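Please open the structure in a viewer and keep the sequence beside it.

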Amino acid sequence: LNDDYHIDKNNRFPELSVFEESLDLAIGITPFNHPLNLVVHKVGPAIVAGTQIVIKPSEKTPLTALKLREILIKNKMPESLFNIISGIPPKNIVDQILKYKNYDIVSFTGGVSIGKYIANKMVNSGNELKKYIPELGGNVVFVIMDDCDINFAAQLSMGAFENSGQRCTAIRRILLHRKISTGFLEKFVYLTSQIKYGDPFNPEIEMGTVISSDQARLIHERV
């Protein structure tokens, strides 16, 4: 190495350069509950960086991702920049993707158990040093203190039912101060009873179905 690559020990503030290079291939695995939002979260940054991305959308909601790709291609996006793999059974597809040796990063949004499965699969496939970004949902707690506006707090708590509760930012638990518990619960029960639920294709309906009969049975068992 010549002097251009040596740091002068007498110079406390050497000039450093940072070189940023796009990755070659990213993998995005997305859930059903926000089939456009969560796909865009992964595809957008990849396109901006010039990184090819393969999206594996939920087998329950693949059409949104396919339509997004169609729109982007119509607007001059190179076809090879954004690719989609979908089908059933999803486990077999994910296993095949994770065994591939030439991807640089995996971005996953979904549950903890699947997130751990992907991490272990990467290790067992010899890809343990590849970047992995898991976003594993949330457990939102709504804390209501005794000095709050009860009506406002009750309205906010209705966020538990948005998207039929199928989102990581939905309220899961309410921690309620004992002093206002009676007044809050009366308001909460009343607002809950006013929710219009039914056919999600009906524009007057406020809360539709959950994604599948299996999911409905799981919720019923938990209750």
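In which helix does Asp95 lie? Asp95 is found in helix α3, where helices (H or I, at least four residues) and strands (E, at least two) are DSSP runs numbered from the N terminus. This is a predicted model, in which local features need pLDDT of at least 70 and side-chain atom pairs count only at pLDDT 80 or more, while totals for chains, interfaces and linings use all residues. Residues are numbered from 1 along each chain as its sequence is written, and side-chain values use heavy atoms, with hydrogens and water left out.

Select Asp95. Its relative accessibility is 7%, so Asp95 counts as buried; buried means under 20% relative accessible area, exposed over 50% and partly exposed in between, with a 1.4 Å probe and protein chains only. Leaving aside residues up to four places away in sequence, Asp95 touches Tyr117 and Lys121, contact meaning heavy atoms within 4.5 Å.

Next, display helix α3 (residues 90-99) together with helix α4 (residues 112-124): their axes come within 9 Å and cross at roughly 40°. Axes are lines fitted to C-alpha atoms, for helices over the stretch in contact, and angles run from 0 to 180 degrees between N-to-C directions. α3 and α4 are therefore oblique to each other; angles under 35 degrees count as roughly parallel, over 145 as roughly antiparallel, 65 to 115 as roughly perpendicular and the rest as oblique. The crossing of these two helices, α3 and α4, is right-handed, a term that applies if the near helix is turned clockwise from the far one by less than a right angle, left-handed being anticlockwise. On the α3 side the contact is made by Lys91, Val94, Asp95, Leu98 and Lys99, and on the α4 side by Tyr117, Ile118, Lys121 and Met122.

Move to Gly110, in the loop between β4 and α4. Gly110 has 18% relative accessibility and therefore counts as buried. Residues up to four places away in sequence not counted, Gly110 touches Glu135, Leu136 and Gly137.

Select strand β1 (residues 25-29). Five of its five residues are buried, so β1 is largely enclosed by the rest of the structure. In a regular strand the side chains alternate between the two faces of the sheet. Here Leu25, Ile27 and Ile29 point one way from β1, while Ala26 and Gly28 point the other way.

The chain passes from β1 through helix α1 (residues 37-49) to β2 in a right-handed β-α-β crossover, meaning that, with the strands pointing away from the viewer, the path from the first strand over the helix to the second runs clockwise. Strand β4 (residues 105-109) also pairs with β1 in the parallel sense, over four bridges.

Finally, show α1 with helix α2 (residues 63-74), which pack at an angle of about 30° with their axes 11 Å apart. α1 and α2 are therefore roughly parallel to each other. The contact is made by Val39, Val40, Val43 and Ile47 of α1 and by Ala65, Leu68 and Leu72 of α2.

Technical notes:
Pairing = 2+ DSSP bridges.
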